[in-house]
Amino acid sequence: MPIKTILIDDERLARVELRKLLGDFSEIEIIDEAVNADEALQKIEALQPELIFLDIQMPGKTGFDLLSELDRSPEVIFTTAYHEYAIKAFEFNALDYLTKPIDPRRLADAIQKLQGNDLRRTGSTPVLAPGILSEQDQVFVKDGERCWFVKLGEIRLFESVGNYARVFFGPNKPLILKSLNALEERLDTKVFFRTNRKHIVNLRMIEKVEPYFNGGLLLELKGGEKIEVSRRQTLRFKEMMSL
Amino acid sequence: MYWVLQLGGWGTFLAGTFFLANIFNLEYPEAIIINRTIAITLTGLLVSHLLRETLKRARLMQKKLEQSIPWLLLSLALSSFIHGFLVLACFEAFDLYLSQEAIEKLNMGQLLLAVSLEMSTIMLLWLTIYCVYHYYTDSRQRQLDQLKLEGAIKQMELKTLKAHLNPHFIFNSLNSIRALVDLDPARARRAITELSNLLRGSLYTEQAQLVPLQKEIDMIRDYLALESIRFEDRMQVDWQIAADTLSLSVPPMMLQTLVENAIKHGIGTRPQGGRITISSKKLTEKNLLVLEIVNPGALSGAILQTGFGVSSTRSRLQLLYGAAARFEIVSEPEQTVKVTVSIPL
């Protein structure tokens, strides 16, 4: 089955050129193109591509802005005319990117690497209600100059900070512009549990459970964070864990 | 350094006088010669030190040689007179007169004049050494400053060059041209010519201080032709160039940098693009050439303060024309920005 792909670039000729280069790869199926971030956002939500080629510098919103607005990010190969060092985000992460004019050999490498990844993970994903994100889904997180693609399964904890949520994974805890309630609606309840008004924890990341006063519980996560389970939620938590 | 030379110099004078007195085996008693020489040396040391302080305070050495010569002569005369007076006072106090002087029976005024004249040769020697030393060290300092200035200019040129060879623009253009090779080979060929002209222009015109406006405009046309491949119908260009301005001189790459900025901030950031207007006119009665760029967009503090185009344009105009040139960047109604450069004809 070919990989459903959308090309996103404000320049028509850049899209023409990329489409021509991708003509050599039968595994890539270009299902649409978009000329700016807003158009791309609609098309990604509607068509659910598995892969996007994304220009970083576009008028209006940048490629990074677009990714931050997506609930679930497809695989991304960035395209840019800037040198890698000109884009600080790449210093922190081995994000896949191609410099324009695109070298066909580097394009082949990037596509090969993608196929080695678990892009073709159909079958391993449990069937979820529509709109619910699985552990395998990745989200794009940007915090100032730094950015990451994070699999939901790697996230230990979401913490509410006003209109934002702080996301804990590995040694990082950047903020994303999403409310905890909105996140709760999209997360798989078998994996993520709302412990109190301020926190959602990943049940697989719990290291220790201790009784707490008032009949509540205190969870210690693998990163060392201590999270209280409210009395109201303790009963539900116990039910879930006994399953 | 001053004290080494000052004490060394007077020490040499003292030693030299004794040496000469010994060689010629003068007829006078040795004690008188020694005491006289010591008196002349010590008063000389005092007077020349005061002279140096005065010269320093008057900043005479910083002035041009022609300007300082009358003052140097005046200070020579004054210091010789003071030196002579002090020497004579010592002679009087310690009775150091030579028999000959006593015999000639000069009155005090004549004696003072004679001694002052004698002392003036010493002071002249002192002043000459002082001036020569100063002009020598000053000229070395000037050479050093000159080198520093040249270094700073080179740095600036390099920075300008780098800013003009905008890699993002060049690689985007190459990418578009690669697509055109199949789609529109004739346009691809033209684009390669335009890019070559542009690269040649930014690599080689830096050496010229001024170029005709025509040359600058040719380059901007090439640049805009390349940008229009990228922006297609998102960019429109209006040229309003007065024919009588084409032969006038402008700093190379200045208008080009400003147009690039207008595209980058004004059109590149807007999904709907826009229209850029480039105009030139000659104001004969004010003796000015006025260049204007109008583009869509809004001014932000960051562009005004750190934008390389703005700061480099300001400093270039200042260097070339001083206060006679003007640079202005203002927000206009309906989301447009106007940049105006006025330079003397």
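Q: What does the side chain of Asn196(A) reach?
A: That side chain reaches the backbone nitrogen of His199(A) at 2.8 Å. Heads-up: this is a predicted model, where local features need pLDDT of at least 70, side-chain atom pairs count only at pLDDT 80 or more, and totals for chains, interfaces and linings use all residues. Side-chain values use heavy atoms, leaving out hydrogens and water.

Q: Is Asn196(A) buried or exposed?
A: Asn196(A) has a relative accessible area of 17%, so it counts as buried (under 20% relative accessible area; exposed is over 50%, partly exposed in between, with a 1.4 Å probe and protein chains only).

Q: And what is Asn196(A) in contact with, neighbours within four places aside?
A: Ile227(A), Glu228(A) and Ser230(A), where contact means heavy atoms within 4.5 Å.

Q: New topic: where does Arg52(B) lie?
A: In helix 2 of chain B, residues 30–57. Helices here are DSSP runs of H or I, at least four residues, numbered from the N terminus.

Q: Why does Arg52(B) count as buried?
A: Because its relative accessibility is 16%. Not counting residues up to four places away in sequence, Arg52(B) touches Tyr2(B), Trp126(B) and Tyr130(B).

Q: How far apart are the end C-alpha atoms of helix 3 of chain B?
A: They're 41 Å apart, which agrees with the 44 Å that 30 residues should span. That expected span is 1.5 Å times one less than the number of residues.

Q: Which residue follows helix 3 of chain B?
A: Asp95(B), with a positive phi near 50 degrees.

Note on methods:
Residues are numbered from 1 along each chain as its sequence is written. Chains are lettered from A and ligands numbered from 1 in the order in which they are written. Helices (H or I, at least four residues) and strands (E, at least two) are DSSP runs, numbered from the N terminus. A polar contact is a pair of N or O atoms within 3.5 Å; within protein, one must be able to donate a hydrogen and the other to accept it, and residues adjacent in sequence count only if both atoms are side-chain atoms.
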